[in-house]
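Hi,

Here is the structure I promised to pass on.

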Amino acid sequence: MDSLDLQTQLEKHHSASFGWAISCCHRDFQEAESVLQNVYLKILEGKARYDGKSEFKTWLFAVIRITALDARRWHFLNKLRLSKYKENVKHKIKVYDYDEKIYHSEIQVLFQDLLSTLPSKQREVLQLVFYHDLSLQEAAEVMEVSLGTARTHYDRGKKRLREWIEEKGIKINESELGRRENQAAI
């Protein structure tokens, strides 16, 4: 079958093909559109070839069915692959109400302001350890300094943070009481 005949047959059966794709995709119109587009690409690129052993419509519907099954299989496997990450994320993410989100964001802004006033090496090591979850050894490698130097900057930075927190009278407490006591500082 030549390219022109193929296009004519695809146009002739387009409505029925889309209906079959919707059925194969469990009434998901977007997935059906995607599947049908992939089917047309397969056919026009020669990856799926009509051999004339059956009616064109029968062959076309078989290609749609197989493509829809492949798409569903791919989506299923992708969900399985991502589910292990999703489970890890669920355990790490805390759900806060609106007030808690505001409280945490205000405390973070205060810490960011303080970090910006620290000397660069102290700021770098604290950011690498606190915000990027690196160990002191890893932070030292990133900063290209010895472990002892990184530890010194880390300790001095933490000491300055502690002094600043005491100066401001901020109680780092995740409870409602901690938020109420910190309102003056925030």
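Just after H2, His-26 has a positive phi, about 55 degrees. Helices here are DSSP runs of H or I with at least four residues, strands are E runs of at least two, and both are numbered from the N terminus.

Before going further, the ground rules. This is a predicted model, where local features need pLDDT of at least 70 and side-chain atom pairs count only at pLDDT 80 or more, while totals for chains, interfaces and linings use all residues. Residues are numbered from 1 along each chain as its sequence is written, and side-chain values use heavy atoms, with hydrogens and water left out.

Back to H2, which covers residues 14-24. Ser-17, Ala-21, Ile-22 and Cys-24 are buried there (buried is under 20% relative accessible area, exposed is over 50%, partly exposed is in between, with a 1.4 Å probe and protein chains only). Looking down the axis of H2, you'll find its buried residues within an arc of 165 degrees, so they line one face of the helix. That arc is taken from the directions that run from the helix axis to the C-beta atoms.

Now the cysteines. How many disulfides does a search of the whole structure find? The count is 0, with a disulfide taken as a pair of cysteine sulfur atoms within 2.5 Å. Cys-24 is in no disulfide, and its nearest cysteine sulfur, that of Cys-25, is 6.5 Å away. Cys-25 is likewise in no disulfide. As for burial, Cys-24 has a relative accessible area of 15% and so is buried; Cys-25 is at 3%, so it counts as buried too.

On to the aromatics: there are 5 aromatic pairs in the structure. Rings of Phe, Tyr and Trp (its six-membered ring) pair if their centres lie within 6.5 Å; planes under 30 degrees apart are stacked, over 60 edge-to-face, and the rest tilted. Tyr-50 and Phe-56 have ring centres 5.3 Å apart and planes at 75 degrees, so this pair is edge-to-face. Together with Trp-59, they form one aromatic cluster. Phe-56 is buried at 5% relative accessible area, whereas Tyr-50, at 22%, is partly exposed.

Last one: Gln-122, in helix H6 (residues 120-130). With a relative accessible area of 12%, Gln-122 is buried. Leaving aside residues up to four places away in sequence, Gln-122 touches His-153, Arg-156 and Gly-157, where contact means heavy atoms within 4.5 Å.

Cheers
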